[in-house]
Amino acid sequence: MTDGEFDVLILGAGSGGYACALRAAQLGLSVGLVEKGNLGGTCLHVGCIPTKALLHAAEVADLARESSTYGVTATLEGIDMAGVNSYKDKVVARLFKGLTGLIKGRGITVIEGEGRMTGPHQVTVAPTGSADEATYAGKHLVLASGSYSRSLPGLDIDGERVLTSEHAIRLERVPASVVVLGGGVIGCEFASVWASFGSEVTIVEALPRLLPPEDEASSQALERAFRKRRIQIRTSAPFQSAKVTDEGVAVIVEGGDVIEAELLLVAVGRGPSTDGLGYDEQGVAMERGFVLADERCRTNLDGVYAVGDIVPGLQLAHRGFQQGIFVAEDIAGLDPSPIDEAGIPRVTYSHPEVASVGLDEAAARAAYGDDAVETLTYDLGGNGKSQILQTQGFVKLVRQKDGPVVGVHLVGDRVGELIGEAQLIYNWEAYAEDVASHVHAHPTQNEALGEAHLALAGKPLHAHS
Ligand code: NAI
């Protein structure tokens with residue numbers, strides 16, 4: 001006997017879990033959704049949404065500071081972190097309210113408490129508070145327990161001097177100086193925020209460049225822009241140790257250099273939240289804590305799926321959404337097409353932004369051969385709207401010779417908004433000629449995508465040949 005049975009039982013109500021719940025309910029399936037925290041998970045409460053609100057406040061600060069560039073007289077008097085946090089929290093609260101209503105409206109049963117897998121299709125939930133444990137069953141079980149901020153051996157995260165991004169989004173002051181450990185997405189976004197707010201920022205990255213998974217040209221452009229903004233960048237500098245001092249933190253990198261700052265942000269990746277959840281005991285195939293799933297998000301156990309950050313691959317909210325929707329449709333027998341991981345757009349919302357979809361140049365050359373790949377870079381210098389916004393960067397296209405575009409790479413303020421068209425180009429295997437014949441509104445940054453494809457199709461317009 002269980003305390004409840006569902007067509008679909010989902011462990012975790014983050015992006016992957018709740019998207020699965022919403023779609024499954026829409027398809028007429030009964031859904032139980034287990035969550036120990038808040039509906040919406042990392043993305044809504046401590047990830048994507050609050051950090052992008054901080055980045056927007058940072059943009060406002062930059063605009064105020066640089067207002068004379070536009071002939072506007074304003075001065076940046078300071079950053080009121082209480083005000084910034086209140087704006088950010090209001091954005092989150094509004095979305096949370098909306099999501100809660102949506103989930104209720106679809107008739108999904110939300111089971112509050114900490115769940116763990118106690119049978120092949122069963123989850124036992126220890127409710128928040130003193131109530132007794134309850135056990136639920138699902139014809140299908142979806143594991144969607146998300147991820148946590150990783151640390152490094154010897155690094156003690158105290159939430160005071162040594163922070164993860166969860167602490168950083170709640171910070172009530174602008175630090176005078178920060179060392180950002182890890183030049184990945186989180187590291188670059190927070191470095192960007194703090195530099196805009198007036199902190200002295202140093203990024204420490206083990207690999208030779210920032211945003212290592214991006215096209216090399218994008219990393220180089222971001223580094224140039226960050227250096228211009230006086231962000232210190234230490235690449236090829238693996239972390240060795242750190243100690244808390246009276247004034248702050250002293251970080252030692254390999255080679256012995258010591259970097260001191262008021263705070264240290266640890267942004268060295270996110271690990272899968274799977275420990276102690278019973279997956280192993282129930283025989284779910286795992287590797288280094290991640291749950292292994294095939295292209296249909298199926299684990300090795302019949303009727304047990306996994307979505308989101310616990311599955312190896314890109315740890316992005318929109319990948320989780322898509323996997324969640326996919327699983328609901330698969331369960332409902334709609335036979336959805338598997339998701340192409342390379343077709344998932346990636347955006348780093350720093351100033352400037354970096355966005356990409358498909359293969360970078362090196363990956364394309366490895367996949368198709370050196371002679372079978374062509375690239376074209378269109379500089380935003382020729383794009384009217386980018387000049388109006390005073391932003392620099394580029395659109396870089398990677399294509400198979402005489403074939404489709406296989407990668408689009410963008411750098412510049414607001415280029416994240418262009419990734420929608422870029423992902424259609426990649427996912428529809430469009431040829432440059434197909435895109436070139438579409439009209440792009442003038443003046444938009446979107447036009448830069450059109451111009452790049454015009455050039456790749458052999459008929460450049462606003463480009464020096
Ligand atoms: P990440 O994997 O993007 O970057 C971590 C960086 O830390 C890497 O560049 C790595 O080389 C470096 N690193 C690791 N060990 C080091 C060491 N010992 N010394 C120096 N550097 C070291 O992970 P991150 O930035 O923590 O983000 C976690 C996840 O969250 C990522 O998968 C990311 O995609 C996702 N995320 C996505 C966002 C977006 O889409 N805009 C925003 C924030 C996070």
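1. How many of the 11 residues of helix α13 (residues 446-456) are buried? The count is 10 of the 11, so helix α13 is largely enclosed by the rest of the structure, where a residue is buried if 20 or more other C-beta atoms, placed from the backbone, lie within 10 Å of its own, exposed if 12 or fewer do, and partly exposed in between. Helices (H or I, at least four residues) and strands (E, at least two) are DSSP runs, numbered from the N terminus.

2. This is a predicted model, in which local features need pLDDT of at least 70 and side-chain atom pairs count only at pLDDT 80 or more, while totals for chains, interfaces and linings use all residues. Residues are numbered from 1 along each chain as its sequence is written.

3. The buried residues of α13 include Glu 447, Glu 451 and His 453 as well as Leu 449 and Leu 454. They pack against β22 (373-379), α10 (384-388), β23 (394-400), α11 (419-427) and α12 (432-436), two residues being in contact if their C-beta atoms, placed from the backbone, lie within 7 Å. After α13 comes Gly 458, with a positive phi near 90°.

4. Helix α1 (residues 15-26) has 11 of its 12 residues buried, so α1 is largely enclosed by the rest of the structure; among the buried ones are Ser 15, Tyr 18, Cys 20 and Arg 23. Their packing partners are β1 (4-11), β2 (31-35), α2 (41-46), α4 (81-105), β6 (134-143) and α8. The 12 residues of α1 should span 16 Å at 1.5 Å a residue, and the end C-alpha atoms are 16 Å apart, which agrees; the expected span is 1.5 Å times one less than the number of residues. Just after α1, Gly 28 takes a positive phi of about 85°.

5. Helix α8 (residues 317-331) is mostly covered, with 12 of its 15 residues buried, including Arg 319, Phe 321, Gln 322 and Phe 326. The buried residues of α8 pack against β1, α1, α2, α3, β6 and β19 (304-306). Just after α8, Gly 333 has a positive phi of about 80°.

6. Helices α1 and α8 pack at an angle of about 35°, with their axes 7 Å apart; axes are lines fitted to C-alpha atoms, for helices over the stretch in contact, and angles run from 0 to 180 degrees between N-to-C directions. The crossing of α1 past α8 is right-handed, and a crossing is left-handed if the near helix is turned anticlockwise from the far one by less than a right angle, and right-handed if clockwise. The contact of α1 with α8 has nine nonpolar, six polar and two charged residues, where Ala, Val, Leu, Ile, Met, Phe, Trp, Tyr, Cys and Pro count as nonpolar, Asp, Glu, Lys and Arg as charged, and the others, Gly among them, as polar.

7. Helix α3 (residues 48-65) and α6 also pack at an angle of about 35°, with their axes 8 Å apart, and α3 passes α6 in a left-handed crossing. The contact includes Leu 54, Ala 58 and Asp 62 of α3 and Glu 189, Val 193 and Phe 197 of α6.

8. The ligand is surrounded by 25 residues, the closest being Gly 182, Gly 184, Ile 186, Ala 206 and Phe 239; a residue is near a molecule if its C-beta atom, placed from the backbone, lies within 6 Å of it. Two or more residues of this shell come from each of α6 (185-197) and β20 (346-348), and α6 gives the largest share, four residues. By class, the shell has 15 nonpolar, seven polar and three charged residues.
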